Amino acid sequence: MADRFFTAGPLAPGEFVLTGPDAHHLASVRRFAPGDRVTLFNGDGREYPAEVLAADRKHVSLNVMAAVEVDRELGFELVVASAVPKGDRADYLVEKLTELGTTRFVPLLTARSVVVPKSVDKFERAVIEASKQCGRNRLMRVGPPEKWDAFARRTDLPPAKLLLHTADAEPLPPLNRSGGVVFAVGPEGGFSLDEVAAGLAAGWRALSLGPRILRVETAAAAAVVWAQTYRCPS
Ligand code: SAH
């Protein structure tokens, strides 16, 4: 994977001046110099090979050579609505969901939630960093935080609505993912019985990932891997 740098604005072939944290990263941290080749991306589905023309600590001028469509997406909608784990484990969750192709992450507020995120800016930065590393040219969308009871009843969710639960849950069923999939992951204290009942009443299925209790971020990553590697019986 070429060295990738992100800009939030439009990109097109021609001269471009990169500013902000990625200019600093490119010039001061990675020490790229005039003549070096890098790849720019902005989340529009393309990547933009470019040559560094001049660099100081705050601005990097580049010659963008082309706009190339490169699709590293899953091909179906995959939403994870998850309670937010504590501290660094929240960044880990967002990083792994991004690497694994999740299309949207919704921080979930539940009865037993301990972490209530005040802003999703930190998560959005983690999505960009993970996308630089893993080669995604479309960003995982983030937030805003939603309360489980309201989220469970939303009518705009993908048809496969799967609630991960440790008790009284069925093993993973055959999955039709073509219309999209949404997983709900509870906090370290688990979903309350009322919350599970509300989910079931709203058409969710309660599913088990096996007999061990997984951390929030492990359960979310395992579910996302299963959804994309599962082979429908032919
Ligand atoms: N004490 C809680 C554990 C919660 S683990 C309990 O017994 O329910 C945090 C979340 O991860 C859970 O709410 C669930 O969404 C998910 N999870 C963890 N292990 C799981 C498993 N084996 N199967 C399905 N979901 C799991």
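Is the crossing of α1 and α3 left-handed or right-handed? The crossing of α1 and α3 is right-handed; a crossing has this hand if the near helix is turned clockwise from the far one by less than a right angle, and is left-handed if anticlockwise.

This is a predicted model, in which local features need pLDDT of at least 70 and side-chain atom pairs count only at pLDDT 80 or more, while totals for chains, interfaces and linings use all residues. Residues are numbered from 1 along each chain as its sequence is written, and side-chain values use heavy atoms, with hydrogens and water left out.

**The chain overall**

- The secondary structure comes to six helices and 13 strands. These are DSSP runs numbered from the N terminus: helices are H or I with at least four residues, strands E with at least two.
- The C-alpha trace spans about 60 × 45 × 30 Å along its principal axes.
- Of the 234 residues, 47% count as buried. Buried means under 20% relative accessible area, exposed over 50%, and partly exposed in between, with a 1.4 Å probe and protein chains only.
- Among contacts with a separation of 6 or more, 71% join residues 24 or more positions apart. Contact means heavy atoms within 4.5 Å.

**Helix α1 against α3**

- The axes of α1 (residues 21-29) and α3 (residues 121-134) come within 13 Å and cross at roughly 40°. That makes α1 oblique to α3.
- Axes are lines fitted to C-alpha atoms, for helices over the stretch in contact, and angles run from 0 to 180 degrees between N-to-C directions. Angles under 35 degrees count as roughly parallel, over 145 as roughly antiparallel, 65 to 115 as roughly perpendicular, and the rest as oblique.
- Pro21, Asp22 and His25 in α1 meet Arg125, Glu129 and Lys132 in α3. The residues of this contact divide into one nonpolar, one polar and four charged.

**Helix α2 against α3**

- Helix α2 (residues 88-99) packs on α3 at an angle of about 45°, with the axes 9 Å apart. That makes α2 oblique to α3.
- The crossing of α2 and α3 is right-handed.
- On the α2 side, the residues that meet α3 include Ala90, Val94 and Thr98. On the α3 side, Phe123, Ala126 and Ala130 are among them.
- The residues of the contact of α2 with α3 divide into seven nonpolar, three polar and four charged.

**Two buried residues**

- Ser113 is found in the loop between β8 (104-109) and α3. Ser113 is buried, with a relative accessible area of 19%.
- A polar atom of the Ser113 side chain lies 2.8 Å from the backbone nitrogen of Thr110.
- Beyond its neighbours within four places in sequence, Ser113 is in contact with Ala83, Leu108 and Pro187.
- Leu164 sits in strand β11 (residues 160-164). Leu164 counts as buried because its relative accessibility is 8%.
- Not counting residues up to four places away in sequence, Leu164 touches Phe183, Val185, Phe191 and Leu207, among others.

**Backbone features**

- Most residues other than glycine have a negative phi, and most peptide bonds are trans.
- The peptide bond from Gly143 to Pro144 is cis, with omega near 0°. Pro144 is in the loop between β9 (141-142) and β10 (146-147).
- Arg31 has a positive phi, near 55°. Arg31 lies in the loop between α1 and β3 (37-41) and counts as exposed at 66% relative accessibility.
- Asp168 has a positive phi, near 50°. Asp168 lies in the loop between β11 and β12 (181-185) and counts as exposed at 81% relative accessibility.

Conventions:
Nonpolar A, V, L, I, M, F, W, Y, C, P; charged D, E, K, R; others polar. Polar contact = N/O pair within 3.5 Å; in protein donor to acceptor, adjacent residues only side chain to side chain.
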